[in-house]
Amino acid sequence: MLALAGVGAQARASWSEIFKSYIEPEPTDESRAAYLAIEREGQRRVEYWLTVLRDEGALADGDNGRRARFLMTVLNGLSIARALPSDESILATETETLHAAVDHVFNSRF
């Protein structure tokens with residue numbers, strides 16, 4: 001449990017930085033472009049791995065862009081939840097949620 005003690009602190013520090021950079025101040029063209037570049041790179045990476053899985057036959061043909069947006073939304077939610085106080089095990093909750101998201105991607109028609 002001690003190894004996880006820093007997990008919440010790291011998540012809080014990361015989200016604090018995101019809030020200070022992209023949410024608290026009025027968006028500028030520069031800050032908007034910076035955030036969108038980060039978001040696009042995350043989307044690109046997830047789409048790439050979904051394409052690899054599809055090419056290997058592990059994932060059916062479908063809209064990998066849509067799948068990636070769904071998975072990125074789940075990951076964003078988990079990262080916020082990690083930063084907030086919880087009375088449940090962070091790892092158990094995250095693992096359960098990630099399993100559900102992966103099941104959805106593999107078993108849905110996107």
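In α3, the residues R67, F70, L71, V74, L75, L78 and R82 meet I90, L91, E94, T97, L98, A101, H104 and V105 of α4, where contact means heavy atoms within 4.5 Å. The residues of this contact divide into ten nonpolar, two polar and three charged, with Ala, Val, Leu, Ile, Met, Phe, Trp, Tyr, Cys and Pro counted as nonpolar, Asp, Glu, Lys and Arg as charged, and the others, Gly among them, as polar.

This is a predicted model, in which local features need pLDDT of at least 70 and side-chain atom pairs count only at pLDDT 80 or more, while totals for chains, interfaces and linings use all residues. Residues are numbered from 1 along each chain as its sequence is written, and side-chain values use heavy atoms, with hydrogens and water left out. The chain averages a pLDDT (the predictor's confidence in each residue, from 0 to 100) of 90, and 95% of the residues score at least 70.

The axes of α3 (residues 64-83) and α4 (residues 90-107) come within 11 Å and cross at roughly 170 degrees; axes are lines fitted to C-alpha atoms, for helices over the stretch in contact, and angles run from 0 to 180 degrees between N-to-C directions. The two helices, α3 and α4, are therefore roughly antiparallel to each other, a term for angles over 145 degrees.

Within α4 lies E94, which is buried at a relative accessible area of 12%, buried meaning under 20% (1.4 Å probe, protein chains only). Not counting residues up to four places away in sequence, E94 touches L78 and R82.

Methods: Helix = DSSP H or I, 4+ residues; strand = E, 2+ residues; numbered from the N terminus. Parallel < 35°, antiparallel > 145°, perpendicular 65-115°, else oblique. Buried < 20%, exposed > 50% of the residue type's maximum accessible area, 1.4 Å probe, protein only.
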